[in-house]
Amino acid sequence: MTALPRGIKADITAPVRDAFARDGEVGTGPAPRAVLYPSNIHEVRKVVVWANETRTALIPVSSTGLRRRGDTVPLTDGAVVVDLSGMTKLIHADPRDKIAIIEAGVDFGSIDEILRPHGLRAFRPLMPRAGKSVIASYLDREPIINADVHWDPADPFGGTAIISGGGELTLNGSAALEGTLKEQLERGHRHMVTFGPGNVDLTRVLQGSQGSLGVMGWAAIYCERLPKVEDSLFLCSETPSAVLAAMREAVHRRICTTAFVVDRVQLAMLLGLEMDAAAMLPAWTFFATQAGYVHAPERKVAWQRSDLEEVAARHGARLEKTLLGTSADALADRLRQSPRVCYRDVPFGAHKELFFLHPISSVERMLDIQEAHLRTGALAARPVGTYIQPLAQGTFAHVERVMPHGPDADVGADWRSLAEASLRAGAFYSRPHGVARDLAFLRDDGSAARMIGAAKALLDPCNVMNPNRFVVQEAIG
Amino acid sequence: MAAKTGRHRLTLSPQARSELETILGARYVTDDPALMSGYAWNTGVGKIPSGDKFTSIWPIAVVLPATTEEVAAVVKCCKRHGLSFRPHSTGYGSMGCVTSPDSICIDLRRMDHLEILPDDRMAVIGPYATANQLQAEARKHGLTCHVVGAGPAHSPLASATSLIGVGITSQFTSANMRNMLAWEWVTPEGEIIRGGSAASDLGWYASDGPGPGTRGLLRGFFGGGGGIGVFTRIGIKLFPINQKGEMQTVGQVPQLRSVLPAHTALLHALFPDYEAQRAATFDLLQDDVCTVLLRMPPNHIGWTLTETNAEFVRRTRDGTLPEPAQLHNGASWTILIASRSAAEHRWRDETVRDIVIRHGGHFAVLQQEEEELLYHNFATSQYVPRVLRASGGITTSFGVLDSFHFLPKAVEMGEMMLAKDSAPGGALCEGSPDEQWIWPHEGRYMWGENIIHFDATSEASRAAGALALIGHFAAQWKDPVGMTGLLVGPIQDVTGPRIGKAPAFARKVKTYFDKDDRSKTKEYVIPNMPPLVEKILPALRPVFSNQMVLRAMSKMLGKNGM
Ligand SMILES: Cc1cc2nc3c(=O)[nH]c(=O)nc-3n(C[C@H](O)[C@H](O)[C@H](O)COP(=O)(O)OP(=O)(O)OC[C@H]3O[C@@H](n4cnc5c(N)ncnc54)[C@H](O)[C@@H]3O)c2cc1C
């Protein structure tokens, strides 16, 4: 067995290695032979170069806590985990340009504290766990809840530094500039652009690659200014159409920051209520936050509020400030906290998730098909939540179904059956995790497999990065 | 293969012609010189031409496929016969001309698919859906598309997939590399590949996945410029506006104007200096208070507001041009505020006015006609024919993206590049050296683009244009104003690995998909460069920065064209 790279902190004890051989959802794989802890991007590069020389499989990991999507469980023997969770530096933050540069180990549990002195906060997905790495989340195209500033799936990335699977340091977007990072920052550059330089966009290529193409060491991330005034509302209805239409219009008009639709089961989980309480909540809720940052913030929020009221009335959604004793503002606060335990595990101890992309215009039809499927199967009596997050400013949506259940419930096959029915109905599994790992490629006309093969050959020619991560890679061999 | 006819022309072999005719029908294959001349011109719109109106290289033939499958078959036919090709969407400007005499021009004008999906604020388009068609259709639903600075005639598909993609309304319509959704692509070997949701036959809305965002291999900042196959269909994002239906256009060409819709204002803010403008800009970018912000050089505003060059010159001389068009008023923003309700409009309007005044600025008094004229050009991006008419030959430089921190420096450096040759007696179009167009993207960062006006009929002027163009790269190496967007072709390699690995990676992509370099262009990467040359080129930067070398290269470009 080849020696580990010198000068990099390593742990080869069984408990530490074994912790990476399983996760909460996907089961077990071979334990890695070691866990390495590089402390900066140069050490990351050293590890990747070593892996190429020794043909060692690497599994990059940046988050801590319970993992559950299977993407960090090795699929080959003799792999080495590269744990970046110790790289927690805030390299730079600038309220004027609303941007920060962070290392890969900065997590959602700490980022807002780190950014607060700079008058900023991070864009977040829906209640990420505290140990979830901000960069890992954005790299996985996990949807942020601020629909108004989600222009493109690359958001909220600016310029980045990536070590390709081949061991090259690449500076991407407007990070590709003369001089060291320190010199660049001193000159006033802020790495605000994610695409490029030239004719490639490696940040975009790395997004969604589940550690199979390279390792991002640091990234500039767009941030939100701390609002001076913030006002949240529940817009409710008994049918999804009213809230979906209201949400779509509000997002298209950019009159809210946070915007998403949930059903009563999902809302109960978000509010931290018992599942029994879900029946007392409105069937469907569009949660909206409006924020004033700098200029006449009260007046801004006031006109946005009155426009939102008009939109809600036109689409038949009713406004509520409080539901079952929790105010919308209190939910907005909860959404900024990162619980240690995933909120979806709170009701019964475990959960199943299914997420995919879909046009908002036809999402109701998809929900109808899913409901019909659920009604007739073994899951009929179980609560299944729905979360609809507009993306690309409401061009399409991330649709998520969540089923809380007891840790011992035998529901895997039925959940897969729902995933298959959803695929037939038009679910686009853009992030092949968990149950969608193979389903994502069932409808592929061969293009995705071909392009993943190309990306792999070009960025990771020795196939050291998380080998066999995608089922189509296995097929290609 | 092909046989040689004249100095610059090859003819198609009978076999190749016959195969192309079988694929497309004889009607859609031509090498008639009368038709091909339309594909072989370079009069100085976008690039530096030679003295000749025709390019030195003509296509060996022009073909007009109607479907993706036909494009793929044409590309495979090129491969079989050792021919090259270049895709051509609308051919606006001279970037669509072929660059080798064995190249077939694949003119995509029969592929004009255009479908609006208003509820999902997107459209599905083919290469020959033009920006004005797309915009006209989108407006019926209260939407617009992003129209790049090139104006309404260009192809949004070509822009999104293959060439830059920035435009004056980028503050609210982003840029086309970010507006592109799912995609369909014929590789340089003739395979058909789809990306995002289209690969699973699930529509054209999602750009990436399943898994990695592999589009990033093909589309960075500049785009492949025809060097990496043919894109045949994309989904593209549209943007809600505060007016549904046709614009209320009045006046006559060339001074068409549009009536401002309700709750809309067009303001022109003037600042005492660029530092004040910069400070104000950081405030104007908060809270999404402005719909569009555009900094035009005063001369360009003058050209827009005057009907003829003669009127422009007369009014410049007698000092009757409005304030925004006066040269000392360069530190300025034209601001569009487009709201939907009275309360929203009041907040925006008062906030903008307050910010401008707080930073020592004031507002120019515009006549209603002037306001409507500027608004019309804002909404349709028709500025190009108005402001580029002064000289007839234009190209562009800088193309920098970064924080507005660099606003004063961008203007200063832009002027430095043009000062000598735009002065009386200089070789460029006489006027002000202030040619920097600046606007924000998505409420965050700055785009700055320095226009170069030259006389396309004068070799000395073309050389001066080339000098300003290549000289700005050298200036930026020394003192960067931001990421240089217009890095393309060999200049990327000279700029070298200090700015990342982009050229080397793009070359790997090119080799992977097109090892024989069938998809030929000068606007991508140099294909198949030996590693030693790749290593040496960046070391030559001091040589390329040398004024004598720059002058010699410019002279050559002025003579032979780009
Ligand atoms: C005066 C002027 C001003 C301009 N201003 C701007 C500006 O402000 N912002 C900006 O972004 N751009 C600008 N441009 C460039 C402009 O982006 C392009 O001309 C236009 O967007 C491309 O559309 P087109 O139909 O003209 O493409 P074409 O001229 O047909 O092609 C442009 C390039 O793309 C390639 N190409 C075309 N179609 C395809 C396809 N289907 N698949 C693969 N490759 C293809 C061609 O080979 C060529 O390299 C300007 C150009 C001019 C001449």
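Two strands pair if DSSP finds at least two bridges between them. Strands here are DSSP runs of E with at least two residues, helices are runs of H or I with at least four, and both are numbered from the N terminus.

The model is predicted: local features need pLDDT of at least 70, side-chain atom pairs count only at pLDDT 80 or more, and totals for chains, interfaces and linings use all residues. Residues are numbered from 1 along each chain as its sequence is written, chains are lettered from A and ligands numbered from 1 in the order in which they are written, and side-chain values use heavy atoms, without hydrogens and water.

**Stop 1: the open sheet of chain B**

Select β3, β4, β6 and β5 of chain B; these 4 strands form an open sheet in the order β3-β4-β6-β5, with mixed pairing. β3 (29-30) and β5 are the edge strands, each pairing on one side only. Next, pick β6 (residues 103-107) of chain B, which runs parallel to β5(B) and is joined to it by 5 bridges.

**Stop 2: the ligand**

Now select the ligand and the residues near it (a heavy atom within 4 Å). There are 34 residues around the ligand, and B:Arg86, B:Pro87, B:Ser89, B:Thr90 and B:Gly165 come nearest. β5 (84-88), α5 (156-162) and β12 (230-237) of chain B each supply at least two residues of this shell. The most come from α5(B), which gives 4 residues.

A polar backbone atom of B:Ser89 lies 2.7 Å from a ligand oxygen; for B:Gly91 the distance is 2.9 Å, and for B:Ser155 it is 3.1 Å. The ligand taken alone exposes 940 Å², of which the protein buries 97%; accessible areas come from the Shrake-Rupley method with a 1.4 Å probe.

**Stop 3: β15 of chain A**

Move to strand β15 (residues 284-292) of chain A, where 9 of 9 residues are buried (under 20% relative accessible area, 1.4 Å probe, protein chains only). In a regular strand, side chains alternate between the two faces of the sheet. One side of β15(A) carries residues including A:Trp284 and A:Phe286, the other residues including A:Thr285 and A:Phe287, and both faces are covered.

β13 (residues 229-237) of chain A pairs antiparallel with β15(A) over 9 bridges, and A:Phe234 stands opposite A:Phe287. β14 (residues 259-263) of chain A also pairs antiparallel with β15(A), over 5 bridges; there, A:Val262 has A:Thr285 as its bridge partner.

Conventions. A polar contact is a pair of N or O atoms within 3.5 Å; within protein, one must be able to donate a hydrogen and the other to accept it, and residues adjacent in sequence count only if both atoms are side-chain atoms. Buried means under 20% relative accessible area, exposed over 50%, partly exposed in between (1.4 Å probe, protein chains only).
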